[in-house]
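Try each task yourself before you read its solution.

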Amino acid sequence: MLDAAAEVFVTAGVDAPIRQIAARAGVGMATIYRHFPTRADLVTAVYRHQIEACAQAGPSLLADADSPFDALRQWIDLFVDFLVTKHGLADALQSDSDRFAALHAYFLDRLLPVCAQLLDAAVESGDIRSGTRPYELMRGIGNLCVGRDNDPRYDPRRLIALLLRGLQAS
């Protein structure tokens, strides 16, 4: 259900009809409401699910990629996908700012260490220069993703690739 909701959120936003999410998941609307009594509950669950997937991918990518830099690049691709899914979360949770603050703290607690691990490995291997902080990189990537909705010609991935080339050791 969470993957189906995330897919619907990407195309239709977090205010998409529950019936659309249920259809994508292959379940009835009552099943969605039984697990997630409010839209905020559903959006929060999707957000947490996406954070966990991104956090768990980091170590696996580092172990399996050809280089630490390749692992970092692949993780950033997942992070960008996550940011696209998360679009509209703040509006959906506007009435519950404590819940949003807790989710943001959870986001930082889970993803900053993973980003740090990937950056450290890439520095240690000589793939990138030292000095990049995980928060700065994640924030920069997030900022590059912001303009995507207003301009169909805007491709944040091209700018992120440019950013990553700038991190590489010469």
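Residues 24 or more positions apart account for 65% of the contacts (heavy atoms within 4.5 Å) in the protein chain with a separation of 6 or more. Please note that this is a predicted model, where local features need pLDDT of at least 70, side-chain atom pairs count only at pLDDT 80 or more, and totals for chains, interfaces and linings use all residues. Residues are numbered from 1 along each chain as its sequence is written, and side-chain values use heavy atoms, with hydrogens and water left out.

**Exercise 1. Describe the make-up of the protein chain: how many helices and strands are there?**

Step 1. Take helices (H or I, at least four residues) and strands (E, at least two) as DSSP runs, numbered from the N terminus. The protein chain then has 9 helices and 0 strands, in the order α-α-α-α-α-α-α-α-α from the N terminus on.

Step 2. Call a residue buried under 20% relative accessible area, exposed over 50% and partly exposed in between (1.4 Å probe, protein chains only). Of the 170 residues in the protein chain, 39% are buried.

**Exercise 2. Find how helix α1 and helix α4 cross.**

Step 1. Two packed helices are described by the angle between their axes and the distance between the axes.

Step 2. Axes are lines fitted to C-alpha atoms, for helices over the stretch in contact, with angles from 0 to 180 degrees between N-to-C directions. Those of α1 (residues 2-12) and α4 (residues 39-64) come within 9 Å and cross at roughly 100 degrees.

Step 3. Angles under 35 degrees count as roughly parallel, over 145 as roughly antiparallel, 65 to 115 as roughly perpendicular and the rest as oblique. α1 and α4 are therefore roughly perpendicular to each other. On the α1 side, the contact is made by Leu 2, Asp 3, Ala 5, Ala 6 and Phe 9, and on the α4 side by Leu 42, Val 43, Ala 45, Val 46, His 49 and Gln 50.

Step 4. Now look at burial in α1: its buried residues are Ala 4, Ala 5, Ala 6, Val 8 and Phe 9. After α1 comes Gly 13, with a positive phi near 85 degrees.

**Exercise 3. Check the span of helix α8 and locate its buried residues.**

Step 1. The expected span of a helix is 1.5 Å times one less than its number of residues.

Step 2. Buried in α8 are Leu 137, Met 138, Ile 141, Gly 142 and Cys 145. Because they cover an arc (of the directions from the helix axis to the C-beta atoms) of only 130 degrees, they sit on the same side of α8.
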